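Thanks for coming. Please have the viewer open.

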Amino acid sequence: MYPEGTTLNGLNFRYQRSAQASAGTLWYCARMVILLGPPGVGKGTQAQRIAEQYGLQHVSTGDVLRDNVHRGTELGRKAKPIIDRGELVPDDIVLAMVQARVVQSDCKNGLILDGFPRTLRQAKGLEGIYRLYKSRSTTVLNIVAQPELLVRRMTNRRICKMSGHIYNLVNRPPMRPDICDADGSELMQRPDDTDAVIRERIRTYECHARPLIDYYSAQGLVHEVQGAADPDAVRANIMKVLDREGPTK
Ligand code: ADP
């Protein structure tokens, strides 16, 4: 019915139709949690913990992009130079990627979106997605911290190559140097975690963040959480918000 490549709000009809056609795909998403905040504020760490605690699927656009880079896909080849410069991958690419991901059946109990949306256009595209797939509740958490703290954290960040578990050499070191406590795999530093690229990523975030936060604030969805505290304290504050804003609300 729709020609290939037809888009509405940046969404591809081909994906919507294939999602409708196949069994076990998502018709509604019980709960959507959106994590906003600058690079290094702890979105990934918190998303992993909150996902486990609330049975939500953690979807990180950064992880999906890095996986594509790692596998050398067409998307990965396009995205790599952009990521290496600390800039944003084009909205259409990211939207198609997210849409393909969130219609999978493992997302139907709820999602925690980490690193998406990052622009107003992505936020409007996401709205198109959950109008179609019907999310019963949406909570936006804006995690905030000072830029110098972010730079310090990210230069000390190490990530498990296999599981994606996140460590920090200063405040959350692994028990054995460069080895993941959870599965014994090697830890690595992200190539874009260098001082110059980190500063560019923070600058890029700040350019896009204000309109995004205003957009969600106008809908009464935003809750600010301080990200400078230790991860357990940040998580406790996030849980207070999520427990208050249940999916039945
Ligand atoms: P960061 O901590 O820098 O926010 P992420 O892992 O979320 O790290 O993202 C790494 C890079 O992937 C970003 O600098 C950007 O180039 C790209 N990226 C991730 N998510 C998006 C998005 N929603 N839109 C555009 N680019 C993205």
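β3 and β6 run parallel and are joined by 5 bridges. Helices and strands here are DSSP runs numbered from the N terminus, helices being H or I of at least four residues and strands E of at least two. Two strands count as paired if DSSP finds at least two bridges between them. Within β6, V33 has T139 as its bridge partner. β3 also pairs with β5, in the parallel sense, over 4 bridges. There, the bridge partner of L35 is D114 of β5.

Before I go on, the conventions. This is a predicted model, where local features need pLDDT of at least 70, side-chain atom pairs count only at pLDDT 80 or more, and totals for chains, interfaces and linings use all residues. Residues are numbered from 1 along each chain as its sequence is written.

Back to β3, residues 32-36, of which 5 of 5 are buried. Buried means 20 or more other C-beta atoms within 10 Å of the residue's own, exposed means 12 or fewer, partly exposed is in between, and the C-beta atoms are placed from the backbone. From β3, M32, I34 and L36 point one way, while V33 and L35 point the other way, and all are buried.

That leads to the core. A nonpolar core is a set of buried Ala, Val, Leu, Ile, Met, Phe, Trp, Tyr and Cys residues joined through C-beta atoms within 7 Å. The largest one has 35 residues, and those touching the most other members are V33, I34, L35, L111, I112, L113 and L141. What is I112 in contact with, leaving aside its neighbours within four places in sequence? The list is V33, L35, A47, I50, A51, L56 and H58. Contact means that the C-beta atoms, placed from the backbone, lie within 7 Å.

For the chain as a whole, there are 9 helices and 10 strands. Of its 249 residues, 32% count as buried. Taking contacts between residues at least 6 apart in sequence, 75% join residues at least 24 apart.

There is also a separate open sheet of 3 strands, in the order β8-β7-β9, with antiparallel pairing. β8 (166-168) and β9 (187-188) are at the edges with a single partner strand each, so one side of each has no neighbour in the sheet. β7, residues 157-160, pairs with β8 over 3 bridges.

Now helix α3. T61, L65, R66 and N68 are its buried residues. The buried residues of α3 pack against β4 (57-60), α4 and α5 (91-102). Just after α3, G72 has a positive phi of about 70 degrees.

α3 matters for the next slide, on the ligand. The ligand is surrounded by 17 residues, and the closest are P39, T61, G62, V89 and G115. The cut-off is a C-beta atom, placed from the backbone, within 6 Å of the molecule. α3 (61-71) and α4 (74-85) are the elements giving two or more residues to this shell. The largest share, 3 residues, is from α3.

Last, the loops and some backbone geometry. Most residues other than glycine have a negative phi, and most peptide bonds are trans. The peptide bond from F116 to P117 is cis, with omega near -5 degrees, and P117 lies in the loop between β5 (111-114) and α6. D178 has a positive phi, near 65 degrees, and is not a glycine. D178 sits in the loop between β8 and β9 and is partly exposed, with 13 C-beta neighbours inside 10 Å.

N171 is in the loop between β8 and β9. Is N171 buried or exposed? N171 is exposed, with 11 other C-beta atoms within 10 Å. The C-alpha atoms of N171 and R153 are separated by 8.9 Å, at 18 residues apart along the chain.

S137, in the loop between α6 (120-133) and β6 (138-144), is partly exposed, with 17 other C-beta atoms within 10 Å. S137 and E245 are 108 residues apart along the chain, and their C-alpha atoms are separated by 8.1 Å.

Technical notes:
Two residues are in contact if their C-beta atoms, placed from the backbone, lie within 7 Å.
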